[in-house]
Amino acid sequence: MPTLPATMIAIEITAPGGPEVLKQTIRPVPTPAAGEVLIEVVAAGINRPDIMQRQGAYPPPPGASDIPGLEVAGTVVAIGLGVHHTKIGDQVCALVTGGGYATYCPAPELQCLPVPKGFSMVEAAALPENFFTVWHNVFERGALKAGESVLIHGGSSGIGTTAIQLAKAFGAQAIFATAGSRDKCHACEKLGATSGIDYKHEDFVKVIKDATSGRGVDVILDMVGGDYIQRNISALAVEGRLVYIAFLRGPQTEINLMPLMLKRGWLTGSTLRARPVEQKGAIAAALRRQVWPLLDQGKVKPQIYRVFPLTEASEAHRLMESSAHIGKIVLAV
C-alpha cells in the first residue's frame, strides 16, 4: 500500500455566495469507510449542483463531505473493509456525494467504474454524474426504446450532450434538442440530434408538432421547469413520458393536467445525490453492462469544453454560470 500524506489540498466553500467564495484549503486525507475506496484524484467534473451548493441552495446530504464535487477520476490508493472487487492501483471514475474538489476523495466501491479504454482521466472524470443521470432518467424512468422519439432540453450541456449520444446509440428514431444559439444547435446536431431547436427564437412545441405531424415525442428530459412544464405536456405523444431532473426556472407553476390524462402520459423525475449507495450501485452496474462497452469502443465520448487547474475552481464556476460552454467543464488536479 502506498504511503499516504496526512493532509491534502481541497477547495472549500467559505460562505454561501458567488464564485469568489471558493478558496484553497488544507484538509486531512480521508480514510475510506467500510465498502469505500480512497481515490487519488487526477480530475474532477463540474456540475450545476456544485453551483447551487456554493450559493447555499443545495446542502450536502447528512454525512457527506462539505467539499464540493460529485464526480472524480483517479487511482485507488487505499481500500476499506468489505471492498472485494477493486484493488490498489486500479484506475477508476466514481460518483460521489461530495469531496471531489480535492487531491484525495473516498468513494463507495459500488459507485466506481473503470476508466474506459483510451480515455484520459479528464474524459473519465466527465462521465459519472452525467451518465448516471441520463441512464436512470432517460432509459430507466423514461423507458426510451429504439424507434421512439425524444426531446432533450439543454442539449449543449453536459447532460444534454450525453443524452443525445446515448439516445442515438440506442436507436432513437428522432432526437430533438433545445439550445440557446444556432452554434449550440449545430453542436447538438453534430452529436446526433435530428434537429437542434434555438429556444430563444423558436417555439419547441410548434417545431415538434410540425416535425411529427402533430404526434409529439415519446420522452422529454427537462431541467428547466417553470413555464416549460405545460409546454412539455403539449409536446408529448400519447403514452409519452416527461422526466424532470432540475428546475432552472423554478419547481412551481400552475398546470392543466387534463392534456396529460388524455394522453395517458407519465410525469416523473428523480434526484441522485441523496439516494442510498445500493440504488446508485444498481445504476452503475447497468452502465457497466449497457454503456461502458460503447465508451470502450469509442462510439460515445464526453464533450470536454475546457479544463481548469483545481486552484481555478472559481473561474470554472464563472464559466458554467455564463452558459457559454458546450459539454463539460473539468478540474485537473
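**Exercise 1. Aromatic pairs.** State how many aromatic pairs the count comes to, and name the residues that form one aromatic cluster.

*Solution.* The model is a predicted one, and the search for pairs begins with ring centres that lie within 6.5 Å of each other. Under that cut-off the count comes to six aromatic pairs. The next step is to look for rings that belong together, and here Trp-135, Phe-139 and Phe-170 form one aromatic cluster.

**Exercise 2. Charges over rings.** Find which ring lies under the charged end of Arg-231, and which ring lies under that of Lys-301.

*Solution.* The distance test requires that NZ of Lys or CZ of Arg be within 6 Å of the ring centre. For Arg-231, the charged end sits over the ring of Tyr-228, at 5.1 Å from the ring's centre. For Lys-301, the ring is that of Phe-119, with 5.3 Å between its centre and the charged end.

**Exercise 3. The second largest pocket.** Describe the volume of the second largest pocket and the make-up of its lining.

*Solution.* The volume of the second largest pocket is about 410 Å³. Its lining consists of 25 residues, of which Glu-36, Gly-63, Ala-64, Ser-65 and Thr-97 are the closest to the centre. Sorted by class, the lining has 14 nonpolar, six polar and five charged residues. Turning to the elements, β2 (22-28), β6 (104-108) and α9 (277-290) each supply at least two lining residues, and β6 gives the most, with four.

**Exercise 4. A six-stranded sheet.** Give the strand order of the open sheet of six strands, and explain why one side of β10 and of β13 is left without a neighbour in the sheet.

*Solution.* The order runs β10-β9-β8-β11-β12-β13, with parallel pairing. Because β10 (195-198) and β13 (266-269) stand at the edges, each has a single partner strand, and one side of each therefore lacks a neighbour in the sheet. On average, neighbouring strands are turned by 20° against each other, direction ignored.

Terms used
Residues numbered from 1 in each chain as written. Predicted model: local features only at pLDDT ≥ 70, side-chain atom pairs only at ≥ 80, totals over all residues. Heavy atoms only, no water. Phe/Tyr/Trp six-rings, centres within 6.5 Å; stacked < 30°, edge-to-face > 60°. Lys NZ or Arg CZ within 6 Å of the ring centre and 35° of its normal. 1 Å grid on protein atoms, 1.4 Å probe; cavity = no way out; pocket = protein on both sides within 12 Å on 5 of 7 lines; lining within 4 Å. Points joined across faces, edges and corners; volume = space filled by probe spheres on them. Nonpolar A, V, L, I, M, F, W, Y, C, P; charged D, E, K, R; others polar. Pairing = 2+ DSSP bridges. Axes fitted to C-alpha atoms, helices over the stretch in contact; angles between N-to-C directions.
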